[in-house]
Amino acid sequence: MSIWEQYDKEQRKDYIQFLQVYGALTNLFRQKQGDLIPYLDSKFQETVFAKIFKGQNVDVANTPHDVLSVFGDSRIGIGLKTWMGSKPSFQKVMQLKSYQNDINEHQNNLHSLAYKISELKNEKMIGDYNRLGLSEDKNIYHYVTRDQGHFTINECAYPLINLNNLKDFSRTLTSFSWSDGNKDYKYTFGDSQIWQKFDSNKYNTLILNKFDVKIIEDPFSFLLEAYFKLISTPKEIELDIIEVYLPLYSFRSKNVEKKSGLNAWRGASKNKGSDTLRPSKEIYIPIPRKFHEKYPNFFTNNIFEFEKLREQYSGDKDDKPEVRFHLKLPNGKTIPSLVTQDNMKALQSGSQTEKDEYGEKYGQSALGHWMLIDVLGLKEREIVTYQWLQKKGTDSVRLWRKKSDYSIINIDFAPLGSFEMFMKDEPIPLDEEDAIPFI
């Protein structure tokens, strides 16, 4: 059964209608005369897909998967794409600009070159599996091809590259192509992009639906009429979500500190006078004082009043008041967490009572394991540097919660520069042209 068939019939109908409506507005975007091929914006496609099918939009600056759909215990990562023409064609699927030098070292051996590019692509995929809690064999591409007068919805498998079956190597001055027997790939040297060939005739590709799109001749008048009709009966819209960003580095020094933050495991031993190292994944996310000044009510109702309460506390150390909540990871799991330390400067995981799936009490390592090991692929006791984060394409995290609920705070990675832009009230660029590839 296709993933498409697992969605409700009415949802599928609504999704198609939204695509038809957007395609009908094609003349808003046409700058040249020619065949009336209906237009579809990829960001609109992602947004409406997540909305209609009640999925989660999980794209962070070009991560491999755009939307997460959950069916019971099954978590499906979905890559969404659209382009003109239904004939077999290569489409961009991943950028490896930050790994360009690593790839260039293998230029003289085609098998080695294919292996390196494939290995890097797989590493990024696996990082996203760990971020979102996905399996390796259920994820798909859902794509819409556009021809004159109609759209075609397709679905195909979205696997790792089989490193044991690399073949059919071919190289030109500008590109390199190869296959793993399941999919055909191409790498272009100029922009460090991996391309994948999409072909509706392949055994693992399904044509799900084909439908007409009628293009409105004068969409400008249509939109004006619809807009003025809407504002004649205004409705107040209030957002229910509060969204903020935090840095993965010191806001003051603009570096990842060597013995704190993401490198907290390198701090002084918890046993005074001992050389015993802290747990290898013990970290905290720095919270600059200026963040609390900007959003004093994000983690609790007035963080400064809570801070005074902590300072005045004189009881048992283990009972000291803490700002506690659960962090919800993109993989669906939640971990008990808190804001703590002097100046309320640290977001970390930890619980004195709750236990993980192995029966161990949650500690500072729980967040570090998911963030640095599972997703970003850090090696055991490897020091995190800002340059390392840059190569991974992230230096910030995004946090969001419901306005009325302090108990659950969602977390995910954010593109480079997100925290700095957030503090300046600038928009966070998430479009493909502006964002640096992540992971």
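Which residues of helices H2 and H3 make the contact between them, and is Glu46 buried or exposed?

Reply: This is a predicted model, in which local features need pLDDT of at least 70 and side-chain atom pairs count only at pLDDT 80 or more, while totals for chains, interfaces and linings use all residues. Residues are numbered from 1 along each chain as its sequence is written, and side-chain values use heavy atoms, with hydrogens and water left out.

Helices (H or I, at least four residues) and strands (E, at least two) are DSSP runs, numbered from the N terminus. Helix H3 covers residues 42–52, and Glu46 has its place there. Glu46 is buried, with a relative accessible area of 4%. Buried means under 20% relative accessible area, exposed over 50% and partly exposed in between, for a 1.4 Å probe and protein chains only. Leaving out residues up to four places away in sequence, Glu46 touches Asn57, Asp59, Asp66, Val67 and Leu80; contact means heavy atoms within 4.5 Å.

H3 also has a helix partner. The axes of H2 (residues 9–24) and H3 come within 10 Å and cross at roughly 155°. From H2 come Gln11, Asp14, Tyr15, Phe18, Leu19 and Tyr22, and from H3 come Phe44, Gln45, Val48, Phe49 and Ile52. Axes are lines fitted to C-alpha atoms, for helices over the stretch in contact, and angles run from 0 to 180 degrees between N-to-C directions. H2 and H3 are therefore roughly antiparallel to each other, a term for angles over 145 degrees; under 35 counts as roughly parallel, 65 to 115 as roughly perpendicular and the rest as oblique.

Now compare helix H8. Within H8 (residues 303–312), Ile303, Phe306, Glu307 and Arg310 are buried. These four span an arc of only 105° around the axis, which puts them on the same side of H8. The arc is that of the directions from the helix axis to the C-beta atoms. An α-helix has 3.6 residues a turn, so residues three or four places apart point the same way. Glu311 and Gln312 are exposed on the other side of H8. The buried residues of H8 pack against helix H7 (289–294), strand E14 (323–328) and strand E15 (334–340).
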